[in-house]
Amino acid sequence: MAADGSKRKGRPSLRHFLEMKRDGRPIVAMTAYDVQFARLVEEAGVDLILVGDSLGQVVLGYDSTIPVTLDEMIHHARAVRRGAPDTFVVLDMPFLTYQVSPEEALRNAGRALKEAGVHAVKIEGGGERMCEVVSRLVTAGIPVMGHVGLTPQSVHALGGYRVQGRTDEGAKRLMVEARALEEAGVFGIVLELLPAELARSISESLTVPTVGIGAGPGCDGQVLVIYDALGLNKGFSPKFLKCFADLRTAALDGLEAYAEEVRAGSYPASEHSFSGPEA
Ligand code: KIV
């Protein structure tokens, strides 16, 4: 919905996201991985779709995002683009597709734009090397979203999925990284699992918008993983998550009703059956 309560009109652009921040209008972002959910997300008027590498966990059943390949991301992002032709779509670059060198990052991000038709890519981390990568991509005309805080591709180095920036030193480092990413040319930054006060002060110190997940209300927008937000991810209930629907219960009820009717012989009934021969 726009500020006046209506759904947004037309596909937002990079300029639009900056204007939203300037005007204090929250950016609504959501992940999607297939055509059906992408259609729903677009119909709901979401501003930005992230084809997250959370794909690995919520769709492909991996233990982490680390095994996800660029081919898998492109395959799913193509479906999302078909389902949401009027929404800004960002592809999450998977582990080791951008860390080795800026040149390799450019080749891989270029594939995302050429083969999946997405409008931007996201990369994790805000150190010096990542800023070089951002600069290389942006110089080549590829819009880049940053991601700091809990960066799931570094889960082993970070010692698990835990809130970042809780020490003075950690908070300072995240602020420095976010500013360096802005300087390098990102159009926005995902802040994941940060104390709310820190996320607010990072957001206030930047010109580009921040999009938070588990980072409190002081970010310029919010993003959630769609399976989590719609209650499809059984047993996943971190503090930051709110389930906005219970699709798991609805799906399970539907599947059990289907199984019962098939076993009872009541489905298909005559109204679901064809008669023949054709007249
Ligand atoms: O992969 C993903 O879905 C993400 C979001 C959690 C921001 O990176």
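Biologist: Why does Leu193 count as buried?

Modeller: Its relative accessibility is 13%. Buried means under 20% relative accessible area, exposed means over 50%, and partly exposed lies in between, with a 1.4 Å probe and protein chains only. At 13%, Leu193 is therefore buried. A word on the source: this is a predicted model, where local features need pLDDT of at least 70, side-chain atom pairs count only at pLDDT 80 or more, and totals for chains, interfaces and linings use all residues. Residues are numbered from 1 along each chain as its sequence is written, and side-chain values use heavy atoms, with hydrogens and water left out.

Biologist: Where does Leu193 lie, and what is its phi?

Modeller: Leu193 sits in the loop between β6 (188-192) and α9 (196-205). Helices (H or I, at least four residues) and strands (E, at least two) are DSSP runs, numbered from the N terminus. Phi of Leu193 is about 50°, positive although Leu193 is not a glycine.

Biologist: What makes Leu96 partly exposed?

Modeller: Leu96 has a relative accessible area of 46%, so it is partly exposed. Leu96 belongs to the loop between β3 and α5. Its phi is near 70°, a positive value in a residue other than glycine.

Biologist: Why does Val100 count as partly exposed?

Modeller: Val100 counts as partly exposed because its relative accessibility is 45%. Val100 is in the loop between β3 (88-92) and α5 (102-116).

Biologist: Which residues form a nonpolar patch on the surface?

Modeller: Phe95, Leu96 and Val100 do, with about 250 Å² of accessible area together. Such areas come from the Shrake-Rupley method with a 1.4 Å probe; for residues, only the protein chains shown count as cover. Patch residues have over 30% relative accessible area and no salt bridge; nonpolar side chains (Val, Leu, Ile, Met, Phe, Trp, Tyr) are joined within 5 Å, like charges within 9 Å. A salt bridge is a side-chain nitrogen of Lys or Arg within 4 Å of a carboxyl oxygen of Asp or Glu.

Biologist: Is Ala105 buried or exposed, and what about Lys114?

Modeller: Ala105 has a relative accessible area of 0%, so Ala105 is buried. Lys114 has 75%, so Lys114 is exposed. Ala105 is in helix α5, and Lys114 is in helix α5 too. Ala105 and Leu137 are 32 residues apart along the chain, with C-alpha atoms 7.5 Å apart. Lys114 and Val100 are 14 residues apart in sequence and 21 Å apart in space, C-alpha to C-alpha.

Biologist: Which residues surround the ligand?

Modeller: Among them are Thr31, Leu50, Ser54, His147 and Glu192. A residue is near a molecule if one of its heavy atoms lies within 4 Å of it. By class, the shell has four nonpolar, four polar and four charged residues.

Biologist: How do you know that Asp53 has a polar atom by an oxygen atom of the ligand?

Modeller: A polar side-chain atom of Asp53 lies 3.0 Å from that oxygen atom. For Asp92, a side-chain N or O atom is 3.1 Å from an oxygen atom of the ligand. For Lys122, the distance from a polar side-chain atom to a ligand oxygen is 3.2 Å. Taken alone the ligand exposes 260 Å², and the protein buries 96% of that.

Biologist: Which peptide bond is cis, with omega near 0°?

Modeller: The bond from Tyr267 to Pro268. Pro268 is in the segment after α11 (247-264). A cis peptide bond also joins Gly276 and Pro277, with omega about -5°.

Methods:
Polar contact = N/O pair within 3.5 Å; in protein donor to acceptor, adjacent residues only side chain to side chain. Nonpolar A, V, L, I, M, F, W, Y, C, P; charged D, E, K, R; others polar.
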